[in-house]
Amino acid sequence: MDRLSLYLDPQIRDWVLFPITLVMILVGILRHYVVILLQSQPKKLSRAATREQRALTRSQVLQATSSNSPIPPSFYKAISQNLSEAYKAGTYLKDGPPNADTQSSAPNPLSDPAAMDGMMAGMKTQMVMMVPQMVIMGWINFFFQGFVLIKLPFPLTLGFKSMLQRGIDTPDMDVRWVSSLSWYFLNFFGLNGLYRLILGGDNAADSSRDMTTSPFAAMGNAQPGQPQDFNKLFKAERDNLEFAEGLHNWVGENMDTKILRKYGKLAAL
Amino acid sequence: MSLQSALERLATYRANNTRASQDIFRNGLLVLQKSSFKKLGDDGWTSLEQLALASIDVGRLDIADQCLQLIADKFPNSPRVDCLIGIRMEATEPPETALKYYADILEADSANVAIWKRRISVLRRTGKVEKAVNELVQFLDTFYTDVEGWLELADIYASCNQYDHSFQALSHVLLLTPQNPFYVLQAAETAYTSDDFSLAIKMFLTVVDMTDADDSEQLLQESTPLGITVRAWFGVKLCTRRIAQNANLKSLSNTSAPKNLELLDELATERLRVAYSSSGQKGEIAKGRQEVFTWVATPLA
């Protein structure tokens, strides 16, 4: 294009474009360290809670090998039935066996202090993310509203206009010009790669990722310290145990004939 | 010996979990004297911990204290350091002091695996076997997947001649690590000791099945049994004799007696002869060959 439609003052580059980028990078790094600072130590589980949480692995271990079990049937049955009884009676529950008359209901996450802790941690990170971004956006909007900051070195179709020229309502300006607000958004979503370079892969600086998660989303997936109705899980596990018991087959059961065949003492089947 | 090779040796010992304390101590001391543990980053601290344990093991407590000081300065309030301090305490202090120390930690953090296990080991060492068993059972009730704990329980029971209980503990070990033939062998020997021969012979045969060289028939008959396979064949041979001697032996676990007892005996005899016939590396005859040959040659009943 021979006619230059716009001429950008180099001062805009030095005093607007670079500062915005720099501030966003620095805020991201700062945020990373603040999040690390805010992270509370994972709460130590008590003995009873650990036991409750791990009780299900017993039945899983037992079931994993049941169709090719290393232990003979009588021992398997004893273990399996003991476990089943314990699940039924609620021996593994943290607070002891439940009373018969109290209806078991899903515990309310808001009344459990452990769950509240998890939610508060989520909120805190959320705040650390939201506040600086809001401040930066306000700053840009207030001081640099309507600024054109940079010209992309490649042509783009008209569809990108709303993405690159947010805050400037000119119908016929070339799409290659990028407005200040759009530059902010480009940085907002695009700096993650840079953070990963500076802070390593597991950083907390990227704010666009947090946009998608809400502090309440953590409640859906099972987190440690998350209230789960173990009583119900245990009851359900009993069926699995029974099923696995039906499948039980000891490896050693016919080992005598198997070995004899293997060494050619008995004719192969 | 260069620093590099010393560090490499330490890393190998760590990876294989070898208790070669004397060698670890020698190599570790070299690194410590050049005071380069700190420069090594995370790996260096693990080596330092390793050196501390090794020097307690060989009785050089001065070095151990030096290591502990370095580690404790770097990681205050670490549960892993707490455990090291406890081990150091066990080395010189009376067991009551160590028990008290462990009890205090457990009170604050009741699910601290390392400390709990140390406590159990001290209890056993000081002869409070009953208490140790109680604690260990409670520990395993909480941390079911701890194979070491189950093995320890089996060992304690076996040392008290309670082989049935020992076998029960071992059956949990088998459930957790069904791929390890050594544990199957241990279970088989425990079953044999508790006079459950039908169970024992099947487990010995399982060991054979797990460890013999190859699955193709041709190779098997020519191959020489090695290592624990030989031991398993000895077990099979012992079992066939015992079963043949008293025909109506009862099996506590209701395991059916093996069929083709004579064939099994014949096979075990043959395998053991093969194991002791092959010439060793220098072509010498296997040690005790004559004794084994006369032993296996004695008829079944």
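**The interface between chains B and A, and the spaces around it**

Between chain B and chain A, 6 residue pairs are in polar contact, with both residues at pLDDT 80 or more. A polar contact is a pair of N or O atoms within 3.5 Å; within protein, one atom must be able to donate a hydrogen and the other to accept it, and residues adjacent in sequence count only if both atoms are side-chain atoms. The side of chain B that touches chain A draws two or more residues from each of α8 (129-142), α10 (163-176), α12 (197-211), α13 (217-222) and α15 (261-277) of chain B. Helices here are DSSP runs (H or I, at least four residues), numbered from the N terminus. By class, this side of chain B has 21 nonpolar, 13 polar and 12 charged residues; Ala, Val, Leu, Ile, Met, Phe, Trp, Tyr, Cys and Pro count as nonpolar, Asp, Glu, Lys and Arg as charged, and the others, Gly among them, as polar.

The structure is a predicted model, in which local features need pLDDT of at least 70, side-chain atom pairs count only at pLDDT 80 or more, and totals for chains, interfaces and linings use all residues. Residues are numbered from 1 along each chain as its sequence is written, chains are lettered from A in the order in which they are written, and side-chain values use heavy atoms, with hydrogens and water left out.

In total, 46 residues of chain B are in contact (heavy atoms within 4.5 Å) with 36 residues of chain A. The two chains, B and A, bury about 3,700 Å² between them, 64% of it on carbon and sulfur atoms; this is the accessible area (1.4 Å probe) lost on putting the two parts together, summed over both. There are also 5 salt bridges between chain B and chain A, each a side-chain nitrogen of Lys or Arg within 4 Å of a carboxyl oxygen of Asp or Glu. One salt bridge joins the side chains of E253(A) and K202(B), at 3.9 Å from N to O.
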